[in-house]
Amino acid sequence: MTAPALQAHYDVVVVGGGQAGLSVSAHLGERGIGHAIFEKNRIGHAWRSERWDAFCLVTPNWQCQLPSFPYAGPDPKGFMPRDAIVAYVEDFAAHIGAPVHQEVGVSRVGRDGGRFTVETEAGTVTADAVVMAISAYHKPNAPTMAKHLPSGIVQIHSSAYKNPDALPAGAVVVVGSGQSGCQIAEDLHLAGRQVHLVVGSAPRCPRVYRGRDAVEWLSDLGQYDMPVDRHPKGEAVRRQANHYLTGRDGGRDIDLRRFAQEGMRLHGRLTAIDGTTLRFGDDLVTNLDNADRVYNGICALIDKHIADSGIDAPSGQPYAADWQPDALSDALDLAVAAVSTVIWATGFRSDWSLVDLPLCDEGGYPRHSRGVTPIDGLYVVGMPWLHTWGSGRFLNVGRDAAYIAARIAERRTITAATRSGVDLARLAS
């Protein structure tokens with residue numbers, strides 16, 4: 001894709017060329033609003049470079065609903081692997097003719113009078129409006145105790161993991177049981193590696209229940225369209241870990257208890273690193289039980305929907321645990337366990353420091369209402385639970401982008417009317 005020539009001024013600058021920024025571009029283009037996208041890497045970079053080789057979507061392909069570019073492949077109920085996801089995003093960019101400047105990072109977004117100034121690696125431009133489409137996953141996060149690991153232990157963040165063969169021989173500790181941690185632990189486990197998984201509080205979800213993928217049932221129930229302000233947990237849901245399951249090999253549950261029966265070692269939360277010893281909390285049973293409780297809660301929600309709607313569906317049974325830890329181990333000696341690698345599946349930190357404006361609250365989260373910030377002309381999009389559960393996914397990111405594009409168009413209309421009014425007043429005088 002050939003980059004367009006750099007202009008001095010744009011109606012709108014979009015920072016970030018992932019699916020969120022491209023979706024905004026699609027809707028701005030439909031409205032005839034001039035804009036440019038600045039992407040510090042290549043289109044699809046996070047999917048291409050920050051996912052492991054066996055990665056695939058955990059949501060079915062039919063949920064890939066980018067604006068006027070829905071999934072059109074032969075397997076709508078399947079789960080796209082990594083390279084197919086990259087191709088989908090790249091094809092979308094080509095389809096809409098996105099005016100994207102690839103490998104042009106933005107270092108600062110500020111304001112000078114009534115215009116925004118956007119400092120990029122290709123030069124400084126101005127804009128009437130700016131859309132920050134940079135998600136919320138900016139810097140790999142690892143606990144401060146990571147620095148206490150022995151120097152002989154290889155440690156990487158989950159975003160750098162590629163495959164079991166890329167790691168040195170020996171056992172592997174995976175810290176974190178969210179989506180990435182559980183899937184990486186499974187990848188290593190299937191390859192025959194000894195895995196120690198540090199289990200956190202992430203919930204789990206059934207893959208298939210009563211004859212259908214759980215995502216289909218949850219979609220019918222409107223779960224992906226529920227606005228954050230109507231969710232029982234309110235804005236706190238934005239800090240909640242995603243449910244773990246997998247789309248690998250056609251999709252299946254991730255059952256940590258079954259993995260334990262097959263030889264994976266499960267531990268409670270990591271509390272300290274003391275020389276070659278990792279120390280764990282006593283919450284393994286609680287964390288496993290809570291994850292199963294969420295799993296069965298989803299099943300019960302589906303059961304009620306089936307009963308209330310009179311749907312003819314196969315019977316289903318709640319999950320019943322058939323494995324429990326015999327004796328909780330509160331420590332692991334890395335040397336005795338022949339551990340060579342620690343993988344930090346501990347998420348990311350947000351970093352909005354390039355926005356040189358009072359955008360974020362005291363917790364570092366951008367202040368906004370459905371992506372519209374208190375700073376006139378500045379918008380955010382592509383973040384988890386921006387408006388709904390589907391906001392950070394291929395499913396609803398286009399809907400959020402359409403809303404932002406509409407607000408930009410309204411603002412332009414108001415601005416134009418105001419300017420015309422000033423001009424008319426001068427003529428009248």
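**Exercise 1. Describe the largest cavity of this predicted model: its volume, its lining and the class make-up of that lining.**

Solution. Step 1: the largest cavity has a volume of about 110 Å³. On a 1 Å grid over the protein atoms alone, a cavity is a set of points where a 1.4 Å probe fits but cannot get out, whereas a pocket is an open set with protein on both sides within 12 Å along at least five of seven lines; lining residues have an atom within 4 Å of a point. Grid points are joined across faces, edges and corners, and a volume is the space filled by probe spheres set on the points.

Step 1: the lining consists of V58, T59, Q179, C205, V215, L218, Y224, N242, H243, L245, W389 and R393.

Step 2: by class, seven of these residues are nonpolar, four polar and one charged. Here Ala, Val, Leu, Ile, Met, Phe, Trp, Tyr, Cys and Pro count as nonpolar, Asp, Glu, Lys and Arg as charged, and the others, Gly among them, as polar.

Step 3: a search of the whole structure returns four cavities of 30 Å³ or more.

The model is predicted, and local features need pLDDT of at least 70, side-chain atom pairs count only at pLDDT 80 or more, and totals for chains, interfaces and linings use all residues. Residues are numbered from 1 along each chain as its sequence is written, and side-chain values use heavy atoms, with hydrogens and water left out.

**Exercise 2. Characterise the second largest pocket by volume, central residues and composition.**

Solution. Step 1: about 230 Å³ of space lies in this second largest pocket.

Step 1: the pocket is lined by 16 residues, and R265, L266, W323, P325 and A327 are the closest to its centre.

Step 2: strand β15 gives the most to the lining of the second largest pocket, namely three residues. Helices (H or I, at least four residues) and strands (E, at least two) are DSSP runs, numbered from the N terminus.

Step 3: the lining of the second largest pocket divides into eight nonpolar, five polar and three charged residues.

**Exercise 3. Determine whether helix α1 and strand β2 are enclosed or open, and check the length of α1.**

Solution. Step 1: α1 (residues 19-30) has 12 residues and should span 16 Å at 1.5 Å a residue; its end C-alpha atoms are 17 Å apart, which agrees. The expected span is 1.5 Å times one less than the number of residues.

Step 1: 10 of the 12 residues of α1 are buried, so the helix is largely enclosed by the rest of the structure. Buried means under 20% relative accessible area, exposed over 50%, and partly exposed in between (1.4 Å probe, protein chains only).

Step 2: just after α1, G32 takes a positive phi of about 70 degrees.

Step 3: five of the five residues of β2 (residues 35-39) are buried, so this strand is also largely enclosed. H35, I37 and E39 cover one side and A36 and F38 the other, all of them buried.

Step 4: four bridges join β1 (residues 9-15) to β2 in parallel, with V14 opposite I37.

Technical notes
Pairing = 2+ DSSP bridges.
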